[in-house]
Amino acid sequence: MEPLRYTIQTRLGERMVSMNSTLVETVSINYEDFNESFLTCGTCLCVYDGNEHTPKLLQCSHTVCLHCLTRIAANHTRDTNSFRCPICRELINIPRGGVSALPPSFLVNQLLDLMSRQRREVIPKCSVHINQELLFCETCDTVFCTLCTGGSHNDGTNSCEHTIIPFSIAIKRMSEILLYKANECISKLTQAQEGVARELQRLDAARDACLDKVNLTFQKIQAMIDKRKQEMVDAVQAAAAEKRKVLEEQHSLIESEKNKVEQECQGLQYQVEVRNITQRIESLSEKLDTASTLGEPRENAFLTCDFNHNESIQNIEKSMAELGKVRTSTTFPSLCTAKLTGNTIAGIESTASLSTVDYHGEPRRSGGDPITAEVLPVTTNATSDETPISLPVRITDSDDGIYKIHFRAPKAGRYGITVSVFDRLIKDMPLYFDVTEHNNPVQVYGTRGSGKDEFMQPVGVAIDDTDQLVYVLDTGNSRIKVLTPELEFVKHITNEGLNGRSCTGIAVSSNGLVIVNWRTKAITEMDTSGETLKTFTYNAFQEPIDVAVDKNYGHILVADNGMSCVYVFDSEGKILFQVGKKGTFKLISSVTVGPTGEIIVADTRIRIFSGKGDFIEVISDETRGKGRYGGVIVDTENRILASRSEQRGKNYLHILSRVDSKINNVIDSNESKLKRPSGIAVTSDNHVIVVDLGARPTACISSTSCDIFSIHY
């Protein structure tokens, strides 16, 4: 076949020389070669068309007809929802609408259109200048021909800034763009339709579950009613049977006596002996007396069933009216938002706050929505085969449209949280955040000196559980500073037991405060106004340095470094027993009492004894370095918090668990390094108060969040 040659020529070069446009390019091609190279599917060798063999553009930039793609997808996708390009073998993901939703090949479609137009010679003409081909300016969005053009299109200076193409090509391009947009819109509408259909299915399932629950509940109620009904029926039958038994026995007795009398009267008219007649008369007189006693029923027929003796009917009616509640929600998940509250610190419980709104964006004022959340570490190593493990989460409902999601990141790094309502993701999910290993003070109080907000050698601190007031033993000023839970000054307490600048321990008792003075070797109990309640000492004291109170029994514990033991006294100061002896401890730094009466002693390690002084265990996290513990305290969850100082100025707080070592943690106070931490105390709002003797340039106390795992103080 003789090659059919076409000349593809940009017509603007001949007709718009005055417009200085970029124009003429003439190419000679073989029609059959052109069709085979550009307009034929390389898989089935069929010519592309607008029907079964529609050209589709793959993600690898190759073009394959729809017929071949449908066949390949049907044979190879299985559960992967993808297939490999038949030309380059690259993996191709199938969109939600199937292979038909893949974008059309614009280039092939344009070539098809060009070849079709060249064959048909259908070119839009100007309605005014019939022989002039219509042109289209993409810059001005204007249709014109070379004769009726005006404005900037006649200006040789500005015309080069305009993009001008034949109107037929513009129509084709816009049609393809329109088709692409339409397909994209249809795809999104299909997704939306599928989402609504799924929600309808879930609604039907929820309705059926609710109906099953209603039926089951009322079946139980009906069973209870039937049971009570049968009990009442049985009670009526039993009461009636008991009465019937008594009356029937009396009835039988009367019948028996009646028969006896009738027998006595038989043959009486034939009796002629007066003696026999007299005897029978006496016998009948006796029976007559007996008949008089049987004349009244021994039981009565009264039997009634009373349901008004109490308010049971009214209570049942009220309970039935209040029984059950159909609860729905107007929460619109895609408008709900979540955010992290505060810093997220490794080993410390963090919280994300979820705020729910309705379809109109108005905040919800009630709770009860089913909330799910997942927190995962972000994997940066793409080659890692390890599957990230989601962290345990705890969700609390504030019942005001706000939900709190609590979790604990075990180590520093980047994490992501996804939150769903009704199993539908909320806005801007997942939410990514960074977890730091540093736990910094949230508040620092005090300077060196003797003023209202100043300290001079603060060595101990105690907190009253009833009002959360903070009592700081300011030894250098021979006083106790009282602070609010927000670390605001309240007052100073002075007492003769505080004199000598030698008090080293403080504790809260049921009557007030207890202090120990190592110089005078005296234990003083005072009320919160500073009045002395009692003072006692013990002849074995050598260097008493700390004191604790067991509020369960009123026992007073005194740690003595000189005797290397802990003395236990009753509330009146009478010695009960001692824990340890010479050599048991190495320079005791602190003593405290656990929630169940355990005696906890800190030196280089932390040792636990029973309330009677029997050794239980040694507990500490890492004690390989040379160092010692300072203050020690136990929270209500039996977790031990202790300050620790090691060589080279390393000071921190330990959080130790007797139950789960995984929640052991270190508070480093990174931005406000601890210098010489001594006394510590825990508050009821998840904070620990630390007294630091060596803080520079000031002596201070700092409040650092020590909320760990999923447990609150």
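Which residue takes a positive phi in the hairpin of β38 and β39? Arg 648 does, with a phi near 65°, and this hairpin has four residues between its strands. Welcome to a predicted model, in which local features need pLDDT of at least 70, side-chain atom pairs count only at pLDDT 80 or more, and totals for chains, interfaces and linings use all residues. Residues are numbered from 1 along each chain as its sequence is written, and side-chain values use heavy atoms, with hydrogens and water left out.

**View 1. Strand β38 and its cover.** Strand β38 spans residues 639-646; strands here are DSSP runs of E with at least two residues, numbered from the N terminus. Seven of the eight residues in β38 are buried, meaning under 20% relative accessible area with a 1.4 Å probe, protein chains only.

**View 2. β38 beside β37.** Six bridges pair β38 with strand β37 (residues 627-634) in the antiparallel sense; two strands pair if DSSP finds at least two bridges between them. Look for Ile 633, whose bridge partner in β38 is Leu 641. Four residues separate β37 and β38 in their hairpin, and Asn 638 in the turn has a positive phi of about 65°.

**View 3. β38 beside β39.** Strand β39 (residues 651-657) runs antiparallel to β38, and seven bridges join them. Here Ser 643 has Leu 653 of β39 as its bridge partner.

**View 4. Val 690 in strand β42.** Val 690 sits in β42, which covers residues 687-692. Val 690 counts as buried because its relative accessibility is 1%. Gly 679 is eleven residues from Val 690 in sequence, and their C-alpha atoms are 6.1 Å apart in space.

Note on methods. Buried < 20%, exposed > 50% of the residue type's maximum accessible area, 1.4 Å probe, protein only.
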